[in-house]
Amino acid sequence: MSIKRHDWTRDEIIALYNKPLMDLLYEAASIHREHHDPNVVQVSTLLSIKTGGCPEDCGYCPQAARYHTKVEGNDLMSVQQVKAQALRAKSSGSSRVCMGAAWRNVKDGPEFDQVLEMVRTINKLDMEVCCTLGMITENQAKRLAEAGLYAYNHNLDTSEEYYKEVISTRGFEDRLQTIENVRKTNVTVCSGGIIGMGESVEDRAGMLVALASLSPQPESVPINALVAVEGTPMENEKPVEIWEMIRMVATTRIVMPETQVRLSAGRTEMSREGQAMCFFAGANSIFAGDKLLTTPNPNVDDDMKMFEMLGLKPQKPFTKVSQPKTVEAEDSEFTPLGEKPRWSRPGHKIERNLQAQATGKVEAEADSI
Ligand code: SAM
Ligand code: DTB
Ligand code: SF4
């Protein structure tokens, strides 16, 4: 029986990642079977409830206002629009809706109240509700929990060291603080990262050390392959090879045996055979729907055909954690506090972004919406 550990070292994880592939797959698949039904895969549908115009400078992200990408910014969707999309997702076999907003952090006020109403509405459809809204305070986490939120997604993205090369407008410790705030509630934590941003295997291992050392470990860990979008400072990064994805998934499975490992961005570039190897290596969740947030994703019907071919079944909602209760807005025990999250590293600069600015490709700053 494998034991869940929080004290993995970077060297141990690098050694796992670099094992002969057959040994790595065998170890990961064995651990996977101890903790999960290997023929069940959780399906989440992403919904970009507020797109583009973000004030942050995450080097990978097409939604940052300062990059000249083709993303068109949109205001916050209405509760009715979100409900219609959630019903569509439910009918296509999805157990979870993950609502993403291109915000640096949540601000108390009418927009957050609207998001809370979206959470109540989807929970009442008996679907798991996830939000990814940027940084949140403890009070905001409690209000989301009270509305019936099942999961909060907040990725560490990479190692603490490489994070400084990817984002200047916030720090790794700010990310940990939000995760800590979520952990003060019963909302589950979804946190993972991206490979293919020019990071080393040591950085990939460093990210897994940080995730595995969280206690409890995140209930879901998305592993994204960078979608290199034109206009971002990472537009020229070379595509992730399928072997890197398989190794990353397998290593994640070994160091976090109980978590749901999600095969996330980058599936449009992967063959069915490649994805099948990822499922064998321990991936047991996907993002479904024609779009991720702003970039393409495989078509749901094709995904369901792949499931059928592989004998995979979509996971039913609330299989791992029971459904939270929804408290109505008028019965809430919390009042908005109007707090602002701290900014741990003002003035930080990133060489890659400075070079992109020098060529006029990206702005030093831009008006956010
Ligand atoms: N604004 C919020 C935040 O940053 O936490 C939520 C939305 S943000 C788009 C959610 C996550 O999407 C990021 O943390 C990152 O891991 C992932 N992501 C964004 N752009 C990506 C890209 N081009 N390729 C792969 N993953 C990406
Ligand atoms: C995560 O880890 N990946 C998703 C979700 N969490 C929010 C987002 C992927 C975004 C890919 C780029 C885009 O579509 O804009
Ligand atoms: Fe994109 Fe989120 Fe970064 Fe904004 S904070 S640029 S939406 S990843």
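**Close-up 1. The loop that carries C54 and C61.** In this predicted model, C54 lies in the loop between β1 (40-50) and α3 (79-91), and C61 is likewise placed in the loop between β1 and α3. C54 counts as buried because 26 C-beta neighbours fall inside 10 Å, and C61 is buried with 24 other C-beta atoms within 10 Å. The UniProt record, an unreviewed entry, places the feature "binding site" at C54, C58 and C61. The UniProt record, again as an unreviewed entry, places the feature "domain: Radical SAM core" at residues 39-267; over residues 39-267 the chain is 35% helix and 18% strand, with the end C-alpha atoms 19 Å apart.

**Close-up 2. The packing of helix α4 with helix α5.** Helix α4 (residues 110-124) packs with helix α5 (residues 138-147) at an angle of about 30 degrees, and their axes are 8 Å apart. Because angles under 35 degrees count as roughly parallel, α4 is described as roughly parallel to α5. On the α4 side the contact is made by L116, V119 and R120, which meet R143, L144 and A147 in α5. The residues of this contact of α4 with α5 divide into four nonpolar, no polar and two charged.

**Close-up 3. L149 and the largest nonpolar core.** The largest nonpolar core has 104 residues, and those with the most contacts inside it are V97, V119, L144, L149, Y152 and V249. Leaving aside residues up to four places away in sequence, L149 touches V119, V129, C131, L144, V187 and P324. Two of these partners, V119 in α4 and L144 in α5, also take part in the contact between those helices.

Close-up 4. The peptide bond from S215 to P216 is cis, with omega near 0 degrees. P216 lies in the loop between α8 (201-213) and β7 (220-225).

**Close-up 5. D157 and F318, with positive phi.** D157 has a positive phi of about 70 degrees although it is not a glycine, and is found in the loop between β4 (151-153) and α6 (160-163). F318, also a residue other than glycine, has a positive phi near 60 degrees, and is found in the loop between β10 (313-314) and α12 (351-358). With 23 C-beta neighbours inside 10 Å, D157 counts as buried, whereas F318 is partly exposed, with 15 other C-beta atoms within 10 Å.

How values were computed
Residues numbered from 1 in each chain as written. Chains lettered and ligands numbered in written order. Predicted model: local features only at pLDDT ≥ 70, side-chain atom pairs only at ≥ 80, totals over all residues. Axes fitted to C-alpha atoms, helices over the stretch in contact; angles between N-to-C directions. Helix = DSSP H or I, 4+ residues; strand = E, 2+ residues; numbered from the N terminus. Parallel < 35°, antiparallel > 145°, perpendicular 65-115°, else oblique. Contact = placed C-beta atoms within 7 Å. Nonpolar A, V, L, I, M, F, W, Y, C, P; charged D, E, K, R; others polar. Core = buried A, V, L, I, M, F, W, Y, C linked by C-beta atoms within 7 Å. Buried ≥ 20, exposed ≤ 12 C-beta atoms within 10 Å, placed from the backbone. UniProt positions renumbered as here; feature names shortened; annotations may be inferred.
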